[in-house]
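This report goes through selected local features of one protein chain. The sequence and the model come first, and the description follows.

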Amino acid sequence: MSTPLSIMSWNVNSIRARLDHVLTYLYDHEPDVVCLQETKVQDNLFPRVPFLELGYTVQLHGGKALAGVATLTKAKPDAVQAGFAEGESDRHPRILMVRLGDLRIYNLYVPNGTELGSDAYRYKIAWLHRLRAELDATGTPDQPLVIVGDFNVAPDERDVYDGKHFEGRLLFTDEEHEALGNLVGFGLHDCFRKHVADGGHYSWFDYRTNGFQRNEGLRIDHVYATTPMAERCTEVVHDPKPRGWEVPSDHLPVVAKFS
């Protein structure tokens with residue numbers, strides 16, 4: 001794609017609970033592509049109509065009260081893929097890929113991992129390695145690719161409010177860092193870090209500790225891109241405004257713009 005492009009990624013923590021928030025944000029900002037995670041609704045119950053009225057096509061990969069991703073695009077996708085490209089199906093709906101021209105956009109809700117050493121944790125690590133294998137099998141780093149979503153991994157100490165506290169804890173373990181690094185090693189660039197080098201910029205805040213009010217959060221929602229798209233990225237913004245709305249998601253919307 002040779003035209004300017006804006007992509008928003010937002011873990012909404014239930015689209016039905018946060019529908020007004022999402023619609024308000026889209027009305028005000030009009031991103032070209034909207035990637036929502038943790039929609040927590042079956043596809044037949046997803047509130048399509050308000051998004052269609054805003055001019056979006058709606059692509060869904062959801063499930064009952066767990067996980068779920070939705071991708072909204074102003075232009076009709078040339079191809080859509082729900083789940084991994086090959087092999088046995090994933091246990092939860094966590095991947096949705098759309099292709100617009102020669103650009104592929106992956107919308108991800110990476111497993112949380114729940115507890116170190118658990119089956120859920122091993123599933124998370126294997127899931128990230130499986131995604132890297134898919135990228136290797138379906139494309140090359142010189143092709144335009146953007147991957148966004150809730151990765152449930154904070155890459156380094158700049159991305160957590162207290163590195164000592166999080167060392168060895170879920171979302172910040174060596175094994176999670178290795179698995180994310182392996183994925184990025186395909187030839188991806190952290191688009192936020194292209195523009196911002198310092199710490200203290202977070203996308204998730206714990207409800208239970210008033211993390212948002214204290215600016216004690218984690219940067220776990222990311223925008224990665226291969227070189228053709230990373231070179232075009234002009235900014236990545238973590239927008240704090242919706243976190244101050246009534247009954248907000250615990251994640252901020254993350255908006256990436258490409259020239």
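Which residue lies over the face of Tyr 56? Lys 74 does, at 5.0 Å from the ring centre.

## Basis of the description

The model is predicted: local features need pLDDT of at least 70, side-chain atom pairs count only at pLDDT 80 or more, and totals for chains, interfaces and linings use all residues. Residues are numbered from 1 along each chain as its sequence is written, and side-chain values use heavy atoms, with hydrogens and water left out.

Helices (H or I, at least four residues) and strands (E, at least two) are DSSP runs, numbered from the N terminus.

## Charges over rings and aromatic pairs

A charge counts as sitting over a ring if NZ of Lys or CZ of Arg is within 6 Å of the ring centre and within 35 degrees of the ring normal. Besides Lys 74 over Tyr 56, the charged end of Arg 91 sits over the ring of Tyr 123, 4.0 Å from the centre of that ring.

There are 7 aromatic pairs in the structure. Rings of Phe, Tyr and Trp (its six-membered ring) pair if their centres lie within 6.5 Å; planes under 30 degrees apart are stacked, over 60 edge-to-face, and the rest tilted. Phe 151 and Tyr 224 have ring centres 5.2 Å apart and planes at 80°, so this pair is edge-to-face. Phe 151 belongs to the loop between β8 (145-150) and α4 (163-166), and Tyr 224 to strand β12 (residues 221-226), so the pair ties together parts 73 residues apart in sequence. Both Phe 151 and Tyr 224 are buried, where buried means under 20% relative accessible area, exposed over 50%, and partly exposed in between (1.4 Å probe, protein chains only). One aromatic cluster is formed by Tyr 202, Phe 205 and Phe 212.

In strand β7 (residues 103-109), 7 of the 7 residues are buried, so the strand is largely enclosed by the rest of the structure. In a regular strand the side chains alternate between the two faces of the sheet. Both faces of β7 are covered: Leu 103, Ile 105, Asn 107 and Tyr 109 are buried on one side, and Arg 104, Tyr 106 and Leu 108 on the other.

Strands count as paired if DSSP finds at least two bridges between them. β7 pairs with strand β6 (residues 95-100) in the antiparallel sense over 6 bridges, and Arg 99 stands opposite Arg 104. The hairpin of β6 and β7 has 2 residues between the strands, and Gly 101 takes a positive phi there, near 65°. β7 and β8 run parallel and are joined by 6 bridges, with Tyr 106 opposite Ile 147 in β8. From β7 the chain crosses through α3 to β8 in a right-handed β-α-β crossover; right-handed means that, with the strands pointing away from the viewer, the path from the first strand over the helix to the second runs clockwise.

Helix α5 (residues 174-184) has Glu 176, Ala 179, Leu 180 and Leu 183 as its buried residues. Seen down the axis of α5, they fall within an arc of 95°, so they line one face of the helix; the arc is that of the directions from the helix axis to the C-beta atoms. Their cover includes α3 (119-138), β9 (188-190) and β12, with contact meaning heavy atoms within 4.5 Å.

In helix α1 (residues 19-29), Leu 19, His 21, Val 22, Leu 23, Tyr 25 and Leu 26 are buried. These residues pack against β1 (5-11), β2, α2, β4 (69-73) and β14 (254-258). Glu 30, with a positive phi near 50°, follows α1.

## Loop residues

Glu 38 is in the loop between β2 (33-37) and α2 (48-53) and is buried at 14% relative accessible area. Leaving aside residues up to four places away in sequence, Glu 38 touches residues including Asn 13, Ala 67 and Tyr 109.

Most residues other than glycine have a negative phi. Asn 13, in the loop between β1 and α1, has a positive phi near 55° and is buried at 13%. Ala 67 also has a positive phi, of about 55°; this residue is in the loop between β3 (57-61) and β4 and is buried at 3%.

Thr 114, in the loop between β7 and α3, counts as exposed at 59% relative accessibility. Not counting residues up to four places away in sequence, Thr 114 touches Ala 120 and Leu 170.
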